[in-house]
Amino acid sequence: MILALVVGGILTLKSFQTDFRYGKAEQTSVNSNAVSVLQAGAFFGCFFIWPIAARFGRRWSLVVSSIVFEVGAIMQVVNSHSMSLFYVGRVISGLGVGAATVLVPIYAAEMSPKEIRGRLGSCFQLFFAGGVCVSYWVDYAVEARVAPSTRQWQIPIALQMVPGGLVGLGMLLIKESARWLAKRGRNEEALESLIWVRGEDTPEVQAEFAEILMGIEEEIRATEGVTWREINLPANRYRLFIAVTLQLCQQLTGNTSLAYYAPQIFAAVGAGTSNLLITGFFGIIKVVSVLCFQAFLVERIGRKWAFMGGAAGMGTCMLIIAIIVAIFPPNPLATVITSSGAAAIAIVYLEAASYNLSWGPCAWLYLGEMFPSRIRELGVASGAASQWIFNFMMSQITPHAIANIGAWKTFMMFCIFNYAIVGYAWWFLRETAGRSLEEMETVFGSAETAFDVEATRRKALLGAEAGAK
């Protein structure tokens, strides 16, 4: 995931522009294309990995996605003097990134206890924000400490191969998803996996396993084993609608655009020559915000209120930034930060905090937990693919919007989007906090597949306790 963000920094380096032989006239197009081709690859990666994950499991699918990512990264590190080869490398890495954005939320949701699923699921955004933060500081370090040369832009790209490789190697050390194993009828392995991730075999673990098996049985009974009929159930159609529109709203908040083009955007609001340094602190704000959300908010305020509050906060921040930039236009030739520029930068930081206290962690968490087990791969793949296609759209729009309509109008556009998203969250989203994955059938009103989860749990607990005696 870091690969998607670091390019925003290296595009500002003269050494990169010199090696790939393009000038100021092509800069806006290169900025858009270098970012957006990765999203295009990620879009297709979401669907390519869906049948692989359904047949071979989450574990080995993540290993494959890691390998694909590494191949693309190697193609980008090579100084080919060809933007075409660089773009191809980003598309290939995008396939791996897209696959990972499907698999990680699924695996996290399927293996997490419902009581702390929010905290564990938020780790996706925590590590994403951590990667972004590292990429910003690496960009700043190579600009400040490395002489303009080929090595200056190769270092940030090459370093991303480290976490990419660790993902694949790490998956070799853990067990397959218990729910995937149960869905495939490998019940003994499923129970072993569940006991491994919970730490010990207890009556509660046996009750959870019985609940998982009952949920799968009810889904098969209601749909006669036909996946496409299952997709057509009203509750599942509604969930697919939520999966797509949720990811659209996440992009319309404007925060992803800020992340990709942070150096350029900070320059546009008056950061002077310190734009990469300021971008580095921008990354720290993101990490601290996600940590606070995990520690204090995710299991207390739930998902729905986090979505609404975050959108309202971001909309207000965007409005304030638009007003500041409109009244005090930044001087592109300035070498120091003005007072109005400092105010705009502070509000951008606050906007980033609002996002990472809400939509950043919650959108991926919500996507991974709301689908039934038999169509979870398809549902999450559809949502993740939507995220990448909308991500692609915004990465194309943002630099051109700043260049053509100006920074303040771009921020005003995002302000309007955020206030509209508050209404979307209120009317369409359901609260999922504190519910098991099997209880989602009741949450989303699936009359065909819902069952009495509490009765199943009590029966399994009694059976486990009787067996222990």
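**View 1. Surface and overall make-up of the predicted chain.** The accessible surface of the chain comes to about 18600 Å², and 67% of this area belongs to carbon and sulfur atoms (Shrake-Rupley method, 1.4 Å probe). The model is predicted: local features need pLDDT of at least 70 and side-chain atom pairs pLDDT 80 or more, whereas totals for chains, interfaces and linings use all residues. Residues are numbered from 1 along each chain as its sequence is written, and side-chain values use heavy atoms, without hydrogens and water. The chain holds 23 helices and zero strands (DSSP runs, H or I of at least four residues for helices and E of at least two for strands, numbered from the N terminus). Of its 469 residues, 55% are buried (under 20% relative accessible area, 1.4 Å probe, protein chains only).

View 2. Gln-76 belongs to helix H4, residues 58-77. Its relative accessible area is 0%, so Gln-76 is buried. The side chain of Gln-76 forms a polar contact with the side chain of Ser-93 at 3.3 Å (a pair of N or O atoms within 3.5 Å, where one must be able to donate a hydrogen and the other to accept it, and residues adjacent in sequence count only if both atoms are side-chain atoms). A polar atom of the Gln-76 side chain also lies 3.1 Å from the backbone oxygen of Gly-72.

**View 3. Packing of helices H3 and H20.** Helix H3 (residues 24-56) packs against helix H20 (residues 376-404) at an angle of about 175 degrees, and their axes are 8 Å apart (lines fitted to C-alpha atoms over the stretch in contact, with angles from 0 to 180 degrees between N-to-C directions). H3 is therefore roughly antiparallel to H20 (angles over 145 degrees).

Technical notes:
Buried means under 20% relative accessible area, exposed over 50%, partly exposed in between (1.4 Å probe, protein chains only). Angles under 35 degrees count as roughly parallel, over 145 as roughly antiparallel, 65 to 115 as roughly perpendicular and the rest as oblique.
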